[in-house]
Amino acid sequence: MILVNGERHKTVSIVGANGQLNELGRVQLARELFCGGYRPGQRVRLHDFATKYGLDNKEVLKIFTEFQSLGLLKLSGNFSAVVHSPSSKEMQEANEIRAALVELSGRTAAEVLKGNTEELEKALDGMRSAVTTGDLDTCAEHDVKFHKCILKASGNTMLQRVWDTLALDVRLRIAMGKLVKVLPEVVESHQPIIDALKNGREKEASLLLRNHVETSVEYLKKAESDSGVHRAFRRDLEGAKDVQQAFFPPQSFSIPCLSTETFYQPARGIGGDYYDFLSLSGGRWGIAVGDVSGKGIGAALLMASLQASLRAQALHSHLDLPAIIRGVNQLVHESSPTALFASLFYAEYEPASRRLQYVNAGHNPPIIVRPRTQSCELFHLRAQAVPIGIYPEVQFEATQFQLAKDDILVAYTDGITEAANTSGQFWGVERLESLLRSCGRMTPGKIVERILAEVSHFANDELQRDDLTLVVMKQEECDI
């Protein structure tokens, strides 16, 4: 039982003797899916809901098919579904029909319910009790019972059919989750309806029922208006994405003697993965790939700090590579919370000599792919130190690697190797290595495409959990 205040009361069965969800179970499932538990675009696995609610797959599929018919989600392969955001226009239209429908039902039900409103009063008492305990599920369940009782009393099967066709039960349950702040007022608006029906005042009852629906709709509109701050936040987030994108080198950027392809895709709009290319003195070039702990805005802020610190240090021509990274570490440590840190691979490349000098501070080892006749030889540029920002004083050592013609440098973040499938297994470094052994004659662009295709196939459309970054560079023949 899901409660507003996080408390729990006695366990109530939500599955009937026939193995199907009862009304309370359907309330819980609808509210869990569409009232903030999942964001639009998120993939859910039907097996998880079958296990959670004690149902067989056939019953879960039946319920989700109903939700799909309402445009609330889309079923997809591997027994999963993608949650959609309910259409505001469609919800508005459905509520307009609901207002007319309850008005008609109240008018024709008044004669039957005159002096006979015990079921309605019981439903209202259930709503009041649920509001007291903060139990939205039970409140929605009794609200549905209240309106269905009036529909039944009307004796108009066409009205009941329209109610079922539009799945107004489900829509009412979804709306309930958005009316938390005004729920006592919404619940108490049922009392005048009962009084009018009990005394046989059909015209008053029908108008009160319409007013009840229209007032609830206005409350919903206000709730959505109050969420304007969230929409403003999303607009700011879009702006932040544009700003962050400007941190990265343009796609047309090139380094002499290296053909280059990059890919970056954050998990949450903006993220903490990082790559950069720096033009240095003496014809040298800086190549950086990093991964900030965490995701989202906090990671993006630290990523910006890391980039600024590295650029400030690397452009001092008198500093050697270990001193540059030592300075970056101190700057990041001083400017970031203790819970945040970043792995960093930074190399200086000399096109004329093909020499690569690097420091790896806790980052996934980039892989050098050297084509051979049968299978490519792989070299790993392993980490020699802890990530950036953990300790104020760290000693870093530089290592050299001599590139040969056609060598390929593949740098990546752990969003690639830790992409998970439906069973929770990681794609892993071994799969990456196996793929790269067959890529020696490919262009960097084709290698990026191949890696992303393999990762996507392995993950089988599972939700992206971490930022994804790839930097692939191939040593070309050139005269300098």
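Analyst: Start with a definition. A helix here is a DSSP run of H or I covering at least four residues, and helices are numbered from the N terminus. By that rule, H5 is a helix, and the residue following H5 is Gly134. Gly134 has a positive phi, near 75°. Keep in mind that this is a predicted model.

User: How many helices and strands does the chain have?

Analyst: There are 17 helices and 13 strands. The chain has 480 residues, and 48% of them count as buried.

User: What share of the contacts joins residues 24 or more positions apart?

Analyst: Consider contacts with a separation of 6 or more. Residues 24 or more positions apart account for 72% of these in the chain.

User: How do I read the faces of a helix?

Analyst: Think in turns. An α-helix has 3.6 residues a turn, so residues three or four places apart point the same way. Now list the buried residues of H5: Leu120, Ala123, Leu124, Gly126, Met127 and Ala130. They take up an arc of only 155° around the axis, which puts them on the same side of H5.

User: Which residues are exposed on the other side of H5?

Analyst: Lys122 and Thr132 are exposed there.

User: Which residues of H10 are buried?

Analyst: H10 covers residues 190-198. Its buried residues are His190, Ile193, Ile194, Ala196 and Leu197. Look down the axis of H10: these residues fall within an arc of 165°, so they line one face of the helix. After H10 comes Gly200, again with a positive phi, near 75°.

User: Where does a positive phi turn up in a residue other than glycine?

Analyst: Take two cases. Cys257 has a phi near 75°, a positive value in a non-glycine residue. Cys257 sits in the loop between helix H12 (228-247) and E4. Cys257 is also buried, at 9% relative accessible area. The other case is Asp406, with phi likewise positive and near 75°. Asp406 belongs to the loop between strand E11 (399-402) and strand E12 (408-412).

User: Now the cores. Which members of the largest nonpolar core touch the most other members?

Analyst: That core has 49 residues, and Ile325, Tyr346 and Ile388 touch the most other members. Take Tyr346. Leave out residues up to four places away in sequence, and the residues it touches include Leu280, Ile287, Leu310, Leu321, Ile325 and Val359. There is also a second, separate core of 37 residues; among them are Leu113, Leu124, Leu136 and Ile193.

User: Is His363 buried or exposed?

Analyst: Buried counts as under 20% relative accessible area. His363 has 3%, so His363 is buried. Its place is the loop between strand E8 (355-361) and strand E9 (367-370). Beyond four places in sequence, the residues His363 touches include Asp291, Ser343, Phe345, Tyr412 and Thr413.

User: What does Ile416 contact, leaving aside neighbours within four places in sequence?

Analyst: Ile416 is in helix H15, residues 414-417. It is buried, with a relative accessible area of 0%. Its contacts are Trp427, Ile451, Leu452, Val455, Leu468, Thr469 and Leu470. Ile416 and Asp467 are 51 residues apart in sequence, and their C-alpha atoms are 8.2 Å apart in space.

User: How do I find empty space?

Analyst: Rolling a probe the size of a water molecule over the atoms shows where empty space is left. This structure holds 2 cavities of 30 Å³ or more. The second largest cavity has a volume of about 40 Å³. Its lining includes Leu258, Ile287, Asp407, Met473 and Gln475.

User: And pockets? Which residues lie nearest the centre of the second largest pocket?

Analyst: Glu462, Leu463, Gln464, Arg465 and Leu468 do, out of 23 lining residues. The volume of the second largest pocket is about 520 Å³. Strand E4 (258-265) and helix H17 (444-459) each supply at least two residues of its lining. H17 gives the largest share, 4 residues.

Conventions: Residues numbered from 1 in each chain as written. Predicted model: local features only at pLDDT ≥ 70, side-chain atom pairs only at ≥ 80, totals over all residues. Heavy atoms only, no water. Core = buried A, V, L, I, M, F, W, Y, C linked by side-chain atoms within 4.5 Å. Buried < 20%, exposed > 50% of the residue type's maximum accessible area, 1.4 Å probe, protein only. Contact = heavy atoms within 4.5 Å. Arc of directions from axis to C-beta. 1 Å grid on protein atoms, 1.4 Å probe; cavity = no way out; pocket = protein on both sides within 12 Å on 5 of 7 lines; lining within 4 Å. Points joined across faces, edges and corners; volume = space filled by probe spheres on them.
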